[in-house]
Structure formats: C-alpha cells, structure tokens
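Student: Hi, I've got a model open and a few quick questions. Could we go through it together?
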Amino acid sequence: VEDRNFSRRDLISQRLISLAFVDAECRGKLKDQMALLSGSYQLVGKLVLGGSEVQLPPDLAHLADVISLRSSFELAEPTLMSEEFAALARELKLEYYRDEQTAISAKIKAAEERGDEASLAESLREFDRVSREIYNI
C-alpha cells in the first residue's frame, strides 16, 4: 500500500474513510458517498459502516488497517472534521465525474474513428450530461 501511486480520487476516498473511522457524524455521511467510491474503497467503506460480514482480501485489509491507523491520529474538533468531510465529499464528486468524462471522451474518439454516428451522438449527450453535473457541483 505504501509504495502504490494513488490517484487523487483514491486519496480523497482514504481521507473520507479515515474521518468516518473516528467520527460518528462523518460515518453517517459516508453512506451518501459510497456510490462515488471505487470498488475497493466501497468494500473498506462497508467495513467502516459496520459491515462485520465484509471479508476483505489481504491487500484491502492492509489498506483498511493503514487508513484506520492514520485515523487514530485524528484529534480535530468534530465541527472541523464535519467541514473537512463536506469539502472532501465535493472533491470526490468532482473526481468521480472527471473520471467519467475521461471514459466518455475515449468512447467519443472510438465512435468517431469507427464512423458510428449513433454511438457518437449518444456519447456526446452523455458527455454533456456529465459536464453539467460538474458545473453544478
């Protein structure tokens, strides 16, 4: 875990989960962010939310342990943690939609190369929808 290159979205996810480990209010708010977390972080998030039945593979168990350890150093005021959580949740949403935009851009390029007008039109509509989501964050 230590020598892995984490994306910005990964780092935001780790911090949100870390705050949820130490603060009940943040833990409650984590439920609303679960869909924006990648699959690995969704599993760790389920564990934090009380999913004792969640079995993590060894690499994710190690990641959860590292996040838990980091969270044990958190001694900030609950109000500050809540404010930080809200700011991070906004950033996570931005990263989620940016990742979607990147994937849609690849679809657009592929549709253009194939000359598939129907797929291109659908991808452009999808790109527009995601762009509006980003604008409204």
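**Chat about the model**

Student: Which relative accessibility does Gln-42 have, and what does it count as?
Tutor: Gln-42 has 26% relative accessibility, so it counts as partly exposed. Buried means under 20% relative accessible area, exposed over 50%, and partly exposed in between (1.4 Å probe, protein chains only). This is a predicted model, where local features need pLDDT of at least 70, side-chain atom pairs count only at pLDDT 80 or more, and totals for chains, interfaces and linings use all residues. Residues are numbered from 1 along each chain as its sequence is written, and side-chain values use heavy atoms, with hydrogens and water left out.

Student: Where does Gln-42 lie?
Tutor: Gln-42 lies in helix H3, residues 39-48. Helices (H or I, at least four residues) and strands (E, at least two) are DSSP runs, numbered from the N terminus.

Student: And what is Gln-42 in contact with, leaving aside neighbours within four places in sequence?
Tutor: Met-34, Ala-35 and Leu-37. Contact means heavy atoms within 4.5 Å.

Student: New topic: how many aromatic pairs does the structure hold?
Tutor: The structure holds one. The ring centres of Tyr-96 and Tyr-97 are 5.2 Å apart with planes at 75°, so this pair is edge-to-face. Rings of Phe, Tyr and Trp (its six-membered ring) pair if their centres lie within 6.5 Å; planes under 30 degrees apart count as stacked, over 60 as edge-to-face and the rest as tilted.

Student: Is Tyr-97 buried or exposed?
Tutor: Tyr-97 counts as buried at 11% relative accessibility, while Tyr-96, at 23%, counts as partly exposed.

Student: Last one: what follows H5?
Tutor: Gly-115 does, with a positive phi near 75°.
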